[in-house]
Amino acid sequence: MHAIVIEDKQLVRREVPDPSAGEGEVVVDVTAAGVNRADVAQRQGHYPPPPGAPDYPGLECAGVISAVGPGVSGHHVGERVSALLAGGGYAERVAVPAGQLLPVPTGLSLTEAAALPEVSCTVWSNVVDRDRLRKGETLLVHGGGSGIGTFAIQLGKALGASVVATARTSKHDGLRALGADLLIDYSTDDFVTGVRAFNGRGADVILDIVGAKYLSRNIEALAPGGRLTVIGMQGGRKAELDLGLLMAKRASVSSTSLRARPLADKARIVAAVARDVWPLVEAGAVKPIIHTTLPLAEAAKAHELMESSDHLGKILLTP
């Protein structure tokens with residue numbers, strides 16, 4: 001089969017061995033695969049795959065099961081699924097642990113479903129599972145125009161929260177249509193002042209993809225009892241933390257990644273997303289936001305678009 005591999009930090013189309021369905025796995029013939037910022041980091045040499053994962057990128061896909069391995073029940077050849085992956089999505093086929101399979105939400109195509117697994121599992125595991133966002137609270141989403149951001153805005157609104165997002169002004173109309181209550185251009189305006197003026201307290205939950213560059217201001221932007229979760233390092237790895245301010249606010253800071261979690265934990269998250277989030281998708285309260293779909297052979301172009309941050313929502317590849 002063909003896959004996109006990394007050679008000297010470049011994406012190259014190559015023939016690779018077909019995957020086989022091991023114990024507890026299925027093979028999915030890929031209809032579409034999502035492109036994520038983590039894929040760019042992997043290509044640049046900063047985010048290696050966990051042990052046992054394919055060494056080519058791709059953290060989510062949707063397609064049709066073509067083989068079922070030993071120990072798998074409840075799935076069959078010909079079934080339409082989407083999947084959370086540890087790697088290998090930039091290919092014609094991929095082996096997937098059965099616990100990381102998701103049904104295709106009613107009303108969505110396979111291509112649309114490919115835009116959901118990574119963002120839904122990332123946002124749910126942080127905003128809901130870890131930070132316990134509640135109805136009436138304020139969620140601040142950094143990188144509102146990204147795949148993560150567009151999903152987090154919608155999920156926050158569906159949960160009854162107010163949502164503030166940072167994004168370029170050119171993306172504000174699109175994000176307002178998704179339900180964002182306040183939009184802040186990070187290049188010209190101060191999000192600390194903005195979120196405080198919005199509700200008089202600050203953000204109860206902050207989902208941050210920037211990292212070090214925003215750490216001190218994120219702490220300032222937190223409301224008393226607020227929760228900050230960092231899921232990206234686009235703005236660097238290291239920064240000073242004002243523990244005095246953190247303690248005065250009785251706030252918390254955490255940082256997570258999804259890719260290297262144990263299989264059982266990922267299966268737990270996937271099951272919760274199917275239970276809690278998929279009904280919202282099927283009801284139309286949360287939608288896959290797809291900026292563009294490109295052929296697998298144009299993966300390099302997809303990465304260029306991702307690095308430019310000119311997209312709104314997801315970028316997909318189709319074998």
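Valine 253 is partly exposed, with a relative accessible area of 35%. Here buried means under 20% relative accessible area, exposed means over 50%, and partly exposed lies in between (1.4 Å probe, protein chains only). The model is predicted: local features need pLDDT of at least 70, side-chain atom pairs count only at pLDDT 80 or more, and totals for chains, interfaces and linings use all residues. Residues are numbered from 1 along each chain as its sequence is written, and side-chain values use heavy atoms, with hydrogens and water left out.

Valine 253 belongs to strand β13 (residues 252-255). Strands (E, at least two residues) and helices (H or I, at least four) are DSSP runs, numbered from the N terminus. Together with Leu241, Leu243 and Met247, Val253 makes a nonpolar surface patch of about 380 Å². Patch residues have over 30% relative accessible area and no salt bridge; nonpolar side chains are joined within 5 Å, like charges within 9 Å. A salt bridge places a side-chain nitrogen of Lys or Arg within 4 Å of a carboxyl oxygen of Asp or Glu.

A negative surface patch is also present, formed by Asp189, Asp190, Glu220 and Asp242. Aspartate 189 sits in the loop between β10 (182-184) and α6 (191-199). Aspartate 189 is partly exposed, at 44% relative accessible area.

Alanine 152 is buried, with a relative accessible area of 1%. Helix α4 (residues 147-158) contains alanine 152. Leaving aside residues up to four places away in sequence, alanine 152 touches Val123, Leu139, Val141 and Leu207. Contact means heavy atoms within 4.5 Å. Valine 123 is 29 residues from alanine 152 along the chain, yet their C-alpha atoms are separated by 6.1 Å.

Key: Accessible areas come from the Shrake-Rupley method with a 1.4 Å probe; for residues, only the protein chains shown count as cover. Lys and Arg count as positive and Asp and Glu as negative; His and the chain ends are not counted. The place of a charge is taken as NZ of Lys, CZ of Arg, CG of Asp or CD of Glu.
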